[in-house]
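Welcome! Here is a short tour of the spaces and contacts in one protein model. Please keep the sequence and the 3D view open as you read.

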Amino acid sequence: MMKIIVTGGAGFIGGNFVHYMIKKYPDYQIICLDKLTYAGNLETLESVMDNPHFTFVKGDIADREFVYGLFEKEKPDIIVNFAAESHVDRSITDPGIFLQTNVIGTGVLLDACRIYGIERYHQVSTDEVYGDLPLSRPDLFFTEATPLHTSSPYSASKASADLLVLAYHRTFGLPVTISRCSNNYGPYHFPEKLIPLMIANCLNDKPLPVYGKGENVRDWLYVEDHCAAIDLIIHNGKVGEVYNIGGHNERTNLQVVETIIDALGKSRDLIKYVTDRPGHDMRYAIDPTKIHDELGWEPKTKFDDGIKKTIQWYLDNKEWWERIISGEYQNYYDKMYSNR
Ligand code: NAD
Ligand code: TDX
């Protein structure tokens with residue numbers, strides 16, 4: 001029996017991870033610690049709220065007193081830290097909160113682990129810490145040895161957190177692991193991100209804002225495959241190690257948008273090319289050899305199947321995302337996209 005604190009479990013990937021773990025390990029105790037920012041949504045956790053093996057706690061990972069109190073009370077075995085400000089565009093308009101949550105918050109969790117003792121601290125990081133690859137070199141991939149070379153305040157904050165995690169391992173012997181994953185997609189993805197935004201706008205016959213020429217490449221991974229990889233790392237991964245996670249599913253943004261338009265039977269005239277994101281990374285591509293060879297991980301879902309499942313989920317769960325886009329999100333959308 002393990003007790004796991006999942007931070008950021010009311011968000012997209014953390015929420016999927018909570019569901020994955022409860023299903024796979026019905027004896028484990030899962031505690032979700034989440035601040036419920038604009039990106040946190042208790043409706044994502046509705047079906048597990050009454051499960052006696054699940055507890056939801058509202059709180060901020062950067063609130064030292066609160067975090068120490070929780071560790072003292074719960075004495076967790078494992079921490080999986082998903083909690084973060086996660087949207088690159090928001091980090092360009094307001095970087096401060098990214099430093100507060102992603103860097104300071106990670107530092108507080110690490111201190112709590114030192115003081116109260118844990119079996120494993122796992123940091124959920126991102127391929128964005130490696131910067132980007134040129135479109136002219138499709139033979140290049142990010143390995144765990146690729147130098148950190150960040151582009152946005154978001155990725156800089158995630159890279160800073162990674163360095164802190166590794167420093168706590170080296171200096172204090174804290175049993176840590178880090179995973180760096182490529183772009184996820186799937187159920188419960190907040191509609192500010194490319195795929196859910198395009199699905200929602202398509203269904204509402206609204207323009208589809210493609211940054212620049214739409215030629216940037218992302219390496220898409222179905223969220224359940226990411227959850228399975230983290231499950232393997234926390235149980236079998238080597239302490240002090242970094243694992244890249246990605247599934248060789250590269251697509252240009254334009255290809256992704258056209259796939260969604262076609263699947264929903266809409267017109268490609270909905271595409272609207274808009275001003276590019278400042279500092280926009282060209283291409284991300286992960287080499288997952290290490291996690292494959294050491295832990296036997298392999299992605300199960302190909303992009304063509306995963307995108308169909310995802311679109312179906314958004315069709316079947318309109319209430320979940322319609323409630324989000326009808327609220328405060330509208331102000332964000334107007335600020336970000338009008339006059340762009
Ligand atoms: P998300 O924005 O959907 O969810 C983040 C969650 O963290 C929300 O529930 C939010 O309320 C919570 N949170 C934010 N600040 C907090 C704080 N101070 N204290 C406690 N909770 C807080 O993000 P996501 O897309 O699910 O990403 C989860 C993690 O995975 C992040 O660390 C992100 O950097 C990383 N990641 C994401 C992707 C991706 O494609 N989405 C890819 C690789 C890595
Ligand atoms: O309206 C849009 N139009 C557009 O062209 C949006 C929201 C995005 N884009 C482009 C920008 C990117 O090239 O689509 C691509 C994907 O954008 P996002 O969904 O914002 O993701 P990205 O910036 O690639 O970062 C994501 O993957 C790595 C997550 O948000 C991060 O948390 C994760 O670390």
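How many cavities of 30 Å³ or more does a search of the whole structure find? The search finds 2. Here a cavity is a set of points, on a 1 Å grid over the protein atoms alone, where a 1.4 Å probe fits but cannot get out.

Before going further, some ground rules. This is a predicted model, in which local features need pLDDT of at least 70 and side-chain atom pairs count only at pLDDT 80 or more, while totals for chains, interfaces and linings use all residues. Residues are numbered from 1 along each chain as its sequence is written, chains are lettered from A and ligands numbered from 1 in the order in which they are written, and side-chain values use heavy atoms, with hydrogens and water left out.

**Around ligand 2**

- Ala, Val, Leu, Ile, Met, Phe, Trp, Tyr, Cys and Pro count as nonpolar, Asp, Glu, Lys and Arg as charged, and the others, Gly among them, as polar.
- Strands (E, at least two residues) and helices (H or I, at least four) are DSSP runs, numbered from the N terminus.
- On the side-chain level, an N or O atom of Glu 128 is 2.7 Å from an oxygen atom of ligand 2, and a polar side-chain atom of Arg 277 lies 2.6 Å from an oxygen atom of ligand 2.
- Leu 194 takes part through its backbone, where an N or O atom lies 2.8 Å from an oxygen atom of ligand 2.
- Of the 660 Å² of accessible area (Shrake-Rupley method, 1.4 Å probe) that ligand 2 has on its own, the protein covers 94%.

**The second largest cavity**

- This cavity holds about 60 Å³ of space, a volume being the space filled by probe spheres set on the grid points, which are joined across faces, edges and corners.
- Its lining (residues with an atom within 4 Å of a point) includes Glu 128, Arg 277 and His 280.
- The lining divides into 3 nonpolar, 4 polar and 4 charged residues.

**Pockets**

- A pocket is an open set of points with protein on both sides within 12 Å along at least five of seven lines.
- The largest pocket has about 550 Å³ of space. Of the 24 residues that line this pocket, the closest to its centre are Tyr 38, Arg 90, Tyr 332, Lys 335 and Met 336.
- Helix H12 (329-337) is among the elements that give two or more residues to this lining, and H12 gives the most, with 5 residues.
- The lining of the largest pocket has 11 nonpolar, 5 polar and 8 charged residues.
- About 260 Å³ of space lies in the second largest pocket, where H1 supplies the largest share of the lining, 4 residues.

**Salt bridges**

- The count comes to 19 salt bridges, each a side-chain nitrogen of Lys or Arg within 4 Å of a carboxyl oxygen of Asp or Glu.
- One of them joins Glu 74 and Lys 3 (2.9 Å, N to O). This pair links distant parts of the chain, with Glu 74 in helix H2 (residues 64-74) and Lys 3 in strand S1 (residues 3-7), 71 residues apart.

Methods:
Polar contact = N/O pair within 3.5 Å; in protein donor to acceptor, adjacent residues only side chain to side chain.
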